[in-house]
Amino acid sequence: EHLSNMIAAGEVVERPSGIVKELVENSIDAQAQTIAIDIVQGGIESITITDDGEGMDAQDATTAFERHATSKMKEENDLWNIHTMGFRGEALPSIASVSHVFLETNNGSESSAVEISYGKFVGARPAACPLGTRIRVEHLFQRTPARFKHLKSPQYEFSLISDVVQKFALAYPEIRFTLSHDGRTVFQTKGSGNLREILMQMYDRSVAKSAIEIDGEDLDYRLRGMAVQPKYNRATKYFIFLFINRRMVRSYHLQKAVLDAYHPYLPKDRFPIVVLNVEMDAHLVDVNVHPSKWEIRLSKERQLEKLIYDTLREALKEKFE
Ligand code: ADP
Ligand code: MG
């Protein structure tokens with residue numbers, strides 16, 4: 001059992017940013033409005049996630065660390081369920097198999113604390129904590145030197161965490177996110193629901209101000225987001241943030257549709273910044289995608305490429321020509 005957790009951990013948790021992704025998804029699934037992510041030493045020393053979600057009862061707080069003990073409905077084709085992001089109930093047991101974990105949770109009627117150390121249950125007791133859940137993951141991979149070796153510098157690991165948190169902030173602008181590193185707040189959103197506000201946090205005022213709203217739909221897809229005027233992007237690369245039903249995804253073809261639409265409006269050595277959230281029926285996504293990787297397969301991909309291209313091109317033509 002412990003061994004299988006460690007093998008699963010290799011898939012779900014390769015590095016601190018993967019752990020942050022799983023824990024933030026759990027907080028979102030628990031309907032949190034506010035999520036604080038506190039990182040020490042790039043997450044190698046500790047990762048603490050505090051949410052104001054629905055919490056767990058004492059029983060669930062313990063069973064959450066047993067494999068496949070998910071509280072979320074699971075069927076093969078439920079993977080892309082729009083309501084929860086949880087996947088097979090593997091994240092917590094996997095994380096707890098390779099670190100020291102403290103969990104405190106309060107569901108409004110009881111609160112409890114659970115401690116697990118490298119796959120071993122240490123103890124559970126009643127606790128006094130605010131409504132919601134706090135989970136602290138310490139000393140990652142300290143008992144698995146082969147894996148510890150693959151961690152890079154705290155700065156690098158933190159930059160990956162920061163990317164993940166910014167993507168969540170773009171996909172969930174109505175949630176308040178705070179990210180701190182070694183005690184210093186480095187990223188914070190207000191939860192206003194306003195994408196422009198998030199862009200301002202991530203880039204600067206001119207980027208945020210130049211962004212135009214993207215809004216398009218056809219029979220299968222609804223497209224919303226923001227497109228930044230390229231001359232305000234000072235970086236020498238593009239930033240294309242793609243979300244499908246609010247999950248961050250990677251797709252060569254959809255990205256190409258964005259770049260093609262921008263093509264006539266790109267000054268030399270300037271690059272777009274685009275945020276696109278696609279809403280669609282979950283059945284149009286192939287089920288055999290691996291959720292920890294972000295590649296996707298869509299059954300009507302060409303149609304979505306065209307919608308992205310047409311909608312963006314139209315909006316850009318109007319504003320930037
Ligand atoms: P999954 O998300 O696939 O269900 P996890 O291992 O990530 O599996 O979590 C196991 C269970 O622990 C969840 O189904 C949920 O019931 C509970 N849980 C985890 N994190 C939280 C949280 N932040 N708030 C409330 N419940 C949580
Ligand atoms: Mg989960």
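Visitor: Among contacts between residues at least 6 apart in sequence, what share joins residues at least 24 apart?
Guide: This is a predicted model. A contact here needs C-beta atoms within 7 Å. Taking the contacts in the chain between residues at least 6 apart, the share that joins residues at least 24 apart is 66%.

Visitor: Which residues have the most contacts inside the largest nonpolar core?
Guide: That core has 77 residues. Its largest share, seven residues, comes from helix α6 (residues 154-171). Domain 1 (2-188) and domain 2 (205-320) each give the core at least three residues. The residues with the most contacts inside the core are Ile95, Val258, Leu276 and Ile308.

Visitor: Which residues is valine 258 in contact with, leaving aside neighbours within four places in sequence?
Guide: Val258 is named among the core residues with the most contacts. Set aside its neighbours within four places in sequence, and its contacts are Ile240, Pro272, Val274, Ile308 and Leu312.

Visitor: Why is strand β13 largely enclosed by the rest of the structure?
Guide: Strand β13 spans residues 273-280. A residue is buried if 20 or more other C-beta atoms lie within 10 Å of its own. β13 is largely enclosed because the number of its eight residues that are buried is six.

Visitor: Which residue of β13 is the bridge partner of leucine 242?
Guide: Strand β11 (residues 239-244) pairs with β13 in the parallel sense, over six bridges. Strand β10 (residues 221-228) runs antiparallel to β13, joined by eight bridges. Glycine 225 stands opposite leucine 276 in β13. The bridge partner of leucine 242 in β13 is leucine 276.

Note on methods:
Residues numbered from 1 in each chain as written. Chains lettered and ligands numbered in written order. Predicted model: local features only at pLDDT ≥ 70, side-chain atom pairs only at ≥ 80, totals over all residues. Contact = placed C-beta atoms within 7 Å. Core = buried A, V, L, I, M, F, W, Y, C linked by C-beta atoms within 7 Å. Buried ≥ 20, exposed ≤ 12 C-beta atoms within 10 Å, placed from the backbone. Helix = DSSP H or I, 4+ residues; strand = E, 2+ residues; numbered from the N terminus. Domains from an automatic or database assignment. Pairing = 2+ DSSP bridges.
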